[in-house]
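Please read these points with the model open beside you. They are brief and follow the chain elements in turn.

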Amino acid sequence: MNKAGAWARRAPLLPALIFMIIVTQLPFLVTLVVSFMNWNAYYPDDRGFAGVDNFVSVLTDVNARKAIFVTVLLTVGVVLISLIVGLCIALLLDRKFRGRGVARTLMITPFLVVPVAAALMWKHALFNPEYGLLNGMLKMVFGDNAPQRDWITDNPLISIVVALVWQWTPFMMLILLAGLQSRPMDVVEAARIDGASPWQIFRSMTLPHLRPYIELSGLLGAIYVVQNFDAVFTITSGGLGTANLPYFIYQTFYTAHDYGRASAAGVVVVIGTIIIATFALRTAFSLFQEDSR
Amino acid sequence: MTSTTVKKAATRPPLEIRHAKPKRSGVLLTGLAWFISVMFVLPVVWMVLTSLHTEQDAAANPPKLGAPISLDGYRSFFDSGPWPPIANSLTASIVSTFLVLVLALPAAYALSIKPVKKWSDVMFFFLSTKFLPVVAGLLPVYLFAQKVNLLDNIWLLIILYTSMNLPIAVWMLRSFLSEVPVEMLEAAQVDGAGLVRTLKEIVAPVVMPGIASAALICFIFSWNELLFARVLTGTRAETAPVFLTGFVTSQGLFLAKVCAASLVVSLPVLAAGFAAQDKLVQGLSMGAVK
């Protein structure tokens with residue numbers, strides 16, 4: 001191919017590529033530089049090179065380590081639970097039955113509620129110990145002496161997981177349902193006639209077909225849940241041991257104005273996610289193995 | 001029901017035959033499907049009910065389901081000046097979605113039809129920017145905006161939302177464009193059709209649903225965004241989600257008002273999502289993995 005032709009092919013790609021590099025990579029470079037600096041907006045005279053101090057303090061600080069742990073727990077928990085529940089519901093909705101379209105519409109509603117609004121709803125309308133629906137139902141069923149719990153204070157992390165699973169299960173369900181409906185049914189039917197049990201069909205035909213869909217929904221879900229800020233910010237304000245890394249960084253930067261430490265924490269998150277994501281994409285995932293033209 | 005599912009179902013006669021005679025287990029599974037769907041929508045139904053009660057009734061325990069309908073919650077929400085934030089959210093979401101399409105379409109074209117060398121590396125780069133947690137870029141963006149006086153300016157959000165959604169859009173549009181049969185493109189070339197005509201008559205029909213679903217998803221994610229909007233806007237460029245977070249005061253109960261506000265702010269996304277469910281499905285599966 002001649003040079004002009006190659007550039008003509010590349011040209012349409014360049015605006016998007018250049019835009020992305022400027023808007024995402026440049027700021028990250030700055031973050032990287034700041035992470036090696038002493039920089040707190042409250043002490044402007046102390047600005048200077050700090051070496052790896054910020055990283056040491058992030059990795060040894062109890063709160064930061066807790067935030068890393070919470071992030072992992074929250075992401076793995078929410079993604080796994082919503083994947084499994086989403087798969088079960090997708091299998092249920094893949095069957096033909098009366099009003100299936102309506103049921104699907106009801107199912108996707110949680111995904112369409114603005115995340116902050118959903119978090120507000122869980123915190124105030126459902127979990128609230130005085131007038132929330134959960135305690136309200138207990139009173140409706142068991143009368144005035146019904147046990148009344150302070151759901152968020154008693155189980156802060158579980159409360160956040162419940163709210164997030166409610167919001168993300170429909171997302172997983174939608175992708176998996178699309179996968180189920182693209183299944184070649186004639187092969188399944190042939191297997192059934194040959195006497196394969198439903199479980200055998202599921203294990204050896206449905207699951208392999210669904211694999212790329214499971215990977216895609218897991219990957220996308222993880223990308224968004226790792227970065228979750230809305231639920232943590234709204235439901236517990238990071239209190240009661242629920243601060244995840246995005247919230248920790250937000251606080252370090254926005255409240256404590258410790259720019260150096262916030263940046264170091266940001267760099268740690270990026271390194272962590274890139275290691276995990278590259279590992280997942282290059283080894284376990286089949287998404288990148290489609291052939292090019 | 002939507003047209004796609006009907007078509008899909010029609011191509012699967014064996015299943016229909018199987019379900020022609022309703023079995024006990026079938027009825028049970030249908031009941032279970034309905035039960036779970038209703039459970040998932042119940043919190044939203046509760047929110048609607050609460051928003052339609054007076055503050056006193058909304059905060060009653062045990063709940064007063066039959067309490068008289070009141071629009072007080074909505075009234076006090078609309079009295080609190082929600083229109084500027086809603087207008088800001090609309091501007092940011094619509095303009096950034098438009099910019100995403102303008103940038104993503106040519107890129108996706110270069111990555112699928114006659115792809116550039118190393119296209120998968122480019123795709124990986126686009127996706128990897130999504131791994132970059134937004135918080136990690138927050139500080140530089142804040143400092144930069146402060147310096148050039150872009151804080152509390154809706155254009156800053158528009159640019160950031162564009163970068164947030166561009167990778168996803170490129171991915172989606174690429175997989176849709178890959179559906180265009182190469183033979184048809186070659187045939188068009190042999191027939192002497194120019195680029196514009198080829199795009200219009202062969203590429204566009206295949207890709208239009210993809211563009212619609214990409215746009216819908218970009219709109220939803222921009223409308224929902226909170227962290228950037230909270231840190232980078234103030235009074236002038238405040239968006240609807242930020243407005244919502246400022247809504248819960250410690251003084252007294254405003255449960256009906258909070259529920260009304262949450263519903264109104266979710267309404268554009270709910271309406272778009274319900275109206276274009278199939279587009280949403282196609283988009284989320286990234287037209288993909290077919």
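This is a predicted model: local features need pLDDT of at least 70, side-chain atom pairs count only at pLDDT 80 or more; totals for chains, interfaces and linings use all residues.

1. Residues are numbered from 1 along each chain as its sequence is written, chains are lettered from A and ligands numbered from 1 in the order in which they are written, and side-chain values use heavy atoms, without hydrogens or water.

2. Helix 3 of chain B covers residues 24-51; helices are DSSP runs (H or I, at least four residues), numbered from the N terminus. Its 28 residues should span 40 Å at 1.5 Å a residue, and the end C-alpha atoms are 40 Å apart, which agrees. The expected span is 1.5 Å times one less than the number of residues.

3. A kink of about 40° lies at Leu42(B) in this helix, shortly before Pro43(B). The bend is the angle between axes fitted to the seven residues ending there and the seven starting there.

4. Residues of helix 3 of chain B that are buried include Gly26(B), Trp46(B) and Pro43(B), whereas Leu32(B) is partly exposed at 38% relative accessibility. Buried means under 20% relative accessible area, exposed over 50%, and partly exposed in between (1.4 Å probe, protein chains only).

5. In helix 11 of chain B (residues 195-224) sits Ala212(B), partly exposed at 34%. Ala212(B) and Lys279(B) are 67 residues apart in sequence, with C-alpha atoms 6.9 Å apart.

6. Over all chains there are 0 disulfides, a disulfide being a pair of cysteine sulfur atoms within 2.5 Å. Cys259(B) is buried at 2%; Cys88(A) is partly exposed at 44%.

How values were computed
Helices (H or I, at least four residues) and strands (E, at least two) are DSSP runs, numbered from the N terminus.
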